[in-house]
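Take a look at the chain shown here. Keep the sequence beside the structure as you read.

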Amino acid sequence: MTVSVPLDARAGGPDLARGIALLGIALANLVGWLHGSAWTALLKQQDASAADRVVDVLLALLVDNRGFPLFALLFGYGIGILRRRSLERGERAGRFLRRMLRRFAVLLAIGLAHAILLFSGDILVGYAVIGMLCALLMTRGRVVLAAAAIVTLPALGVLGWVDGTVGLGGGTGYAAASAPDYLAGVGIRAPDALHGLLLAPIEEIGLLSPMALGALMARGALLEDVPAHRRRLGRLARWGLAIGLVGAVPLTAVLVLDPAHARLDVEVVLGILGVLHQVSGLAGAVGLAAGAALLAARWGPRPAARAPGADGGLASVTATATPTDTPTATAAAPPPAGARDPLGAAVRAVEALGAVSLSAYLAQSVLCLLLFPPYTLDLGAQLGSAGAAALVLAGWLLMLPPAVLLRRSGRRGPMEHVLRALAGSSTPRTPRTPRTADAHRARGGAR
């Protein structure tokens with residue numbers, strides 16, 4: 001059994017990025033719920049209204065192919081933390097991999113249940129399968145991990161090719177989105193989920209690129225030790241976000257200027273624009289993660305310094321981008337200037353949501369299931385991107401207060417408890433008081 005890091009010892013930046021990514025994932029997943037209108041690029045609706053198209057453009061520039069690479073990067077970052085702490089304890093690679101296998105097996109089961117019962121666009125199954133491969137590569141050294149990130153980048157681009165050319169196929173929505181009743185939806189999703197599980201090592205291998213990149217970033221505590229990496233984080237934030245935005249413009253232009261592909265219907269051209277959109281999204285994910293680390297250090301209740309080598313405990317991979325727990329050392333210090341400002345409160349609220357992101361990710365699917373299918377409110381056939389996005393945003397905002405209450409009470413989310421119980425992790429029942437890095441080292445770190 002491993003001991004998870006206490007909530008008050010978690011790193012602020014990764015949790016903040018994870019909370020933001022939750023909204024991005026929910027908005028991007030709208031394409032899995034809306035149906036009845038012919039698809040264009042990025043699975044948007046061809047006959048969108050002006051308001052819907054404005055939202056489509058914003059999503060194409062800022063969200064699509066940006067949210068899930070960010071989750072994958074953070075997922076890999078969590079694996080990197082786990083490996084780093086394993087090495088510090090002198091743990092052999094075999095034992096580390098056995099622990100990872102158990103954890104990812106549990107996550108895989110949760111993902112299958114989610115894919116069958118709730119949403120056909122599940123990401124947990126792919127993250128669990130590719131995450132185990134990432135953990136294995138971590139035991140082979142930095143060079144192997146870096147090579148894997150580079151070699152699998154083209155496979156990530158293939159997903160973008162599909163997004164660029166999907167409008168040529170005449171689709172009008174996922175079959176499960178228009179199922180007449182819940183059991184019919186389960187009947188559609190179940191074989192798709194099993195098919196996805198069998199082909200995950202091939203179809204989802206592109207996820208290894210952002211995961212391996214995140215794991216490499218974790219080796220130097222890039223998102224945790226903000227004072228030591230402030231300049232680098234600043235450059236990554238500026239350039240990553242800029243590249244992510246510029247790279248999204250060409251395919252977004254097609255979405256606006258020729259959604260019916262009346263003039264541009266060449267698959268190769270659309271595919272290349274889709275690859276550019278996808279690969280630039282990885283740069284945008286890196287930029288957002290770096291920016292979140294800086295923002296959390298500025299506005300979150302975190303100390304201004306971190307003792308070298310003090311990680312604050314063992315990370316616990318949970319999902320998502322799937323969500324991961326990423327710890328950092330805390331030192332007894334007052335909150336940073338402005339921590340009581342509204343922006344500081346908002347940052348801490350999103351950060352708290354990121355700490356329970358597995359529960360939040362599944363809760364978003366439950367909400368959409370209650371709103372969009374024909375056997376509930378059937379809003380998937382009535383609303384366009386604007387109305388659906390407004391509902392998803394409202395749901396994300398409503399999850400913030402409960403997440404804050406959970407954080408204040410020192411409690412984790414319900415699905416985080418399930419994962420830890422089944423994967424053999426626990427949290428020590430100690431007073432929620434700040435721990436200095438020296439005290440943490442004196443106790444030998446989290447065990």
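## The chain as a whole

The model is predicted. The chain has 447 residues, and 56% of them are buried. Its secondary structure comes to 16 helices and four strands.

Take the contacts between residues at least 6 apart in sequence: 83% of them join residues at least 24 apart. The accessible surface comes to about 17,800 Å². Carbon and sulfur atoms account for 68% of that surface.

## Nonpolar cores

The largest nonpolar core has 94 residues. Which residues have the most contacts inside this core? They are Phe 104, Tyr 127 and Leu 353. Helix 3, residues 67-88, supplies the largest share of the core, with 11 residues.

There is also a second, separate core of eight residues. Among them are Ala 41, Leu 42, Val 254 and Leu 270.

## Helix 3 up close

Helix 3 has 22 residues. From its first C-alpha to its last, helix 3 reaches 32 Å. That is close to the 32 Å expected at 1.5 Å a residue.

Is helix 3 mostly covered or mostly uncovered? Helix 3 is mostly covered, with 20 of its 22 residues buried. After helix 3 comes Gly 90, and the phi of Gly 90 is positive, near 75 degrees.

## An aromatic cluster

The structure holds six aromatic pairs. One of these joins Trp 33 and Phe 119: the ring centres are 5.2 Å apart and the planes are at 15 degrees, so the pair is stacked. Planes under 30 degrees apart count as stacked. Trp 33 lies in the loop between helix 1 (12-28) and helix 2 (50-62). Phe 119 lies in the loop between helix 4 (93-117) and helix 5 (124-138). The pair therefore ties together parts that are 86 residues apart in sequence. Both Trp 33 and Phe 119 are buried.

Trp 33 also pairs with Phe 372. Here the centres are 6.3 Å apart and the planes are at 35 degrees, so this pair is tilted. Phe 372 lies in the loop between helix 13 (357-371) and helix 14 (385-408), so its pair with Trp 33 ties together parts that are 339 residues apart in sequence. How accessible are these two partners? Trp 33 has a relative accessible area of 5%, so it counts as buried. Phe 372 is at 0% and is buried too. Trp 33, Phe 119 and Phe 372 form one aromatic cluster.

## Charges over rings

Aromatic rings also meet charged side chains here. The charged end of Arg 83 sits over the ring of Phe 96, 5.2 Å from the ring centre. The charged end of Arg 298 sits over the ring of Trp 299. In that case the distance to the ring centre is 4.3 Å.

## A buried threonine

Thr 252 is found in helix 10, residues 226-257. Is Thr 252 buried or exposed? Its relative accessible area is 5%, so Thr 252 is buried; the cut-off for buried is under 20%.

Which residues does Thr 252 touch, leaving aside those up to four places away in sequence? It touches Val 57, Ala 60 and Leu 61.

Technical notes:
Residues are numbered from 1 along each chain as its sequence is written. This is a predicted model: local features need pLDDT of at least 70, side-chain atom pairs count only at pLDDT 80 or more; totals for chains, interfaces and linings use all residues. Side-chain values use heavy atoms; hydrogens and water are left out. Rings of Phe, Tyr and Trp (its six-membered ring) pair if their centres lie within 6.5 Å; planes under 30 degrees apart count as stacked, over 60 as edge-to-face and the rest as tilted. Helices (H or I, at least four residues) and strands (E, at least two) are DSSP runs, numbered from the N terminus. Buried means under 20% relative accessible area, exposed over 50%, partly exposed in between (1.4 Å probe, protein chains only). A charge sits over a ring if NZ of Lys or CZ of Arg is within 6 Å of the ring centre and within 35 degrees of the ring normal. A nonpolar core is a set of buried Ala, Val, Leu, Ile, Met, Phe, Trp, Tyr and Cys residues joined through side-chain atoms within 4.5 Å. Contact means heavy atoms within 4.5 Å. Accessible areas come from the Shrake-Rupley method with a 1.4 Å probe; for residues, only the protein chains shown count as cover. The expected span of a helix is 1.5 Å times one less than its number of residues.
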